[in-house]
Structures are given as structure tokens and as C-alpha cells.
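The sequence and the structure come first, and the description follows.

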Amino acid sequence: LTSIGNYAFYGSAVRDLGSMATCSSLTTIGSSAFYGSAIEEVQFPESITSIGQQAFAGCTGLTELTIPDHMGNGMGSQAFGNCTGLKTVTVPVDYLVHRAYGYSEDYYSAFNGCSNVETIYYTPGQTGRMLDRQTYDYNDNCYRYSLEYACRENLRHVFFEEGVTAIGSHAFYCTEGESVLEKVVLPSTLTSIGNYAFYDTA
């Protein structure tokens with residue numbers, strides 16, 4: 001098995017894809033492949049290189065998710081959009097918040113709408129550096145489309161693994177008392193924390 005096509009399991013009642021992790025030749029999961037399905041667990045093989053737009057969007061049965069360290073740039077827009085059952089996410093620190101500026105179908109992050117995440121573990125990814133969430137153009141303030149912003153009212157615990165060197169600007173930016181963040185664990189490898197990174201976090 002090298003690929004799972006677009007809409008392959010769209011709306012399916014399949015709950016378990018445990019064998020996916022052993023498919024060492026699987027590289028591609030197509031757009032909307034599992035959109036709205038009943039899947040409750042997914043483990044990606046190290047061979048995976050691309051997860052398409054909305055591939056797992058609306059899969060509310062998912063509670064935990066681990067993205068391979070090399071996949072920070074391999075997830076399509078809203079790949080896990082509105083997976084509101086997610087509580088714990090492990091993700092490369094350099095994951096791409098969005099691919100395109102302006103309002104387009106490719107604008108939103110892979111985790112748009114994942115509002116109930118309580119714990120995030122950051123692995124070093126390929127660079128060890130979290131991308132800045134803020135630009136000088138107000139219309140491109142991409143922190144609003146990040147996983148961190150989506151779950152700001154429920155996120156309590158954040159862990160940065162050894163090898164992470166930088167936390168980007170506006171990473172956990174909040175306003176008006178939205179944050180419930182209680183615990184942040186920083187690695188000894190960290191060299192910089194960006195402007196407003198933890199602004200107004202509780």
C-alpha cells in the first residue's frame with residue numbers, strides 16, 4: 001500500500017486503522033480520505049510524506065494524535081480540521097501554520113477548529129524552530145489560524161522536547177483572559193522566545 005486516495009473512507013464507520021503504522025511503503029493520504037469518519041485511532045508510518053487537505057477533518061472520535069517529526073510541512077489545509085475530540089497532540093515544532101496568505105482554500109492550518117486540545121507536545125521537527133505567528137501585515141496575522149490559538153480556551157499543558165531551539169512570536173498569544181494555560185516545560189536547548197509568545201496567558 002503506497003497511497004490512500006481522495007474520499008477513500010469519507011464518512012466511513014471504520015474505527016481502527018492500526019495496521020496503517022506497519023505499512024512501510026505508505027506515502028500519501030489523499031484529500032478528504034477519512035473526512036467525517038468514525039476513526040478513533042491513527043498511527044502514521046515513518047514513510048508518510050503527505051496528508052491531504054481535510055484528510056481527517058471532522059473525525060471527532062480521535063482523542064490523541066502524533067504527527068511524525070518530518071511532517072511539519074506535509075499536512076494540507078485543515079487536514080485535521082474540527083477534530084473536536086482531540087485532547088492530546090504531538091506535533092513537530094516547525095509545523096506550517098498555513099501555506100498561503102490571503103483568504104483561500106489553502107489558508108487555514110492543518111489543525112483549524114481543534115478547540116478542545118488540552119496538551120501539546122512539540123518535537124524538534126526538521127529545524128527545531130517554531131515559525132513566527134505574526135507578520136507586519138495585520139491581514140496575515142497567522143496566529144489566528146494555528147493549533148495554539150484554536151485551543152486557547154482549553155490548552156493547559158505545553159511540553160517542548162529537547163532539540164527545540166526557538167519559540168515563535170505570538171505562539172500562545174491570547175487576549176481578554178481566554179487562556180487557561182497552567183504548565184510550560186522548556187528544554188535546555190532553547191535559545192530564544194519570540195515577542196508576545198505567551199502574552200496574556202493565565
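The lining of the largest cavity is made up of eight nonpolar, four polar and two charged residues. This is a predicted model. That cavity has a volume of about 80 Å³. Its lining comprises 14 residues, of which Glu148, Arg152, Phe172, Tyr173 and Cys174 are the closest to the centre. In total, the model contains two cavities of 30 Å³ or more.

**Overall architecture**

One helix and 10 strands make up the secondary structure elements of the protein chain. Read from the N terminus, the order of these elements is β-β-β-β-β-β-α-β-β-β-β. The protein chain has 202 residues, and 49% of them count as buried. Among contacts between residues at least 6 apart in sequence, 67% join residues that are at least 24 apart.

**Loop residues and their polar contacts**

The table lists the separations.

| Side chain | Backbone atom | Separation |
|---|---|---|
| Ser179 | nitrogen of Leu181 | 3.1 Å |
| Ser47 | oxygen of Leu26 | 2.6 Å |
| Asn6 | nitrogen of Ser31 | 2.9 Å |

Asn6 lies in the loop that connects strand E1 (3–4) with E2. Apart from residues up to four places away in sequence, Asn6 touches Gly30 and Ser31; the backbone nitrogen of Ser31 is also the atom reached by the Asn6 side chain, at 2.9 Å. The C-alpha atoms of Asn6 and Gln54 are 9.9 Å apart in space, while the two residues are 48 residues apart in sequence.

Ser47 belongs to the loop between strand E2 (28–29) and strand E3 (50–51). When residues up to four places away in sequence are set aside, Ser47 touches Cys23, Ser24, Ser25, Leu26 and Thr27. For Leu26, a polar atom of the Ser47 side chain lies 2.6 Å from the backbone oxygen.

Ser179 occupies the loop between strand E8 (166–167) and strand E9 (183–185). Ser179 counts as buried because its relative accessibility is 8%.

**A buried isoleucine**

Is Ile67 buried or exposed? Ile67 has a relative accessible area of 2%, and it is therefore buried. Ile67 is placed in the loop between strand E4 (64–66) and strand E5 (88–92). Beyond its neighbours within four places in sequence, Ile67 is in contact with Phe44, Met75, Phe80, Thr90, Val91, Pro92 and Phe111. Thr123 is 56 residues from Ile67 along the chain, and the C-alpha atoms of the two residues are separated by 9.3 Å.

**Two residues with positive phi**

Tyr7 is not a glycine, yet it has a positive phi of about 60°. Ser32, likewise not a glycine, has a positive phi of about 55°. Tyr7 is located in the loop between E1 and E2, whereas Ser32 is located in the loop between E2 and E3.

Which of the labels, buried or exposed, applies to Tyr7? With a relative accessible area of 53%, Tyr7 is exposed, since the threshold for that label is over 50%. Ser32, by contrast, has a relative accessibility of 5% and so counts as buried, the limit for that label being under 20%.

How values were computed
Residues are numbered from 1 along each chain as its sequence is written. This is a predicted model: local features need pLDDT of at least 70, side-chain atom pairs count only at pLDDT 80 or more; totals for chains, interfaces and linings use all residues. Side-chain values use heavy atoms; hydrogens and water are left out. On a 1 Å grid over the protein atoms alone, a cavity is a set of points where a 1.4 Å probe fits but cannot get out, and a pocket is an open set with protein on both sides within 12 Å along at least five of seven lines; lining residues have an atom within 4 Å of a point. Grid points are joined across faces, edges and corners, and a volume is the space filled by probe spheres set on the points. Ala, Val, Leu, Ile, Met, Phe, Trp, Tyr, Cys and Pro count as nonpolar, Asp, Glu, Lys and Arg as charged, and the others, Gly among them, as polar. Helices (H or I, at least four residues) and strands (E, at least two) are DSSP runs, numbered from the N terminus. Buried means under 20% relative accessible area, exposed over 50%, partly exposed in between (1.4 Å probe, protein chains only). Contact means heavy atoms within 4.5 Å. A polar contact is a pair of N or O atoms within 3.5 Å; within protein, one must be able to donate a hydrogen and the other to accept it, and residues adjacent in sequence count only if both atoms are side-chain atoms.
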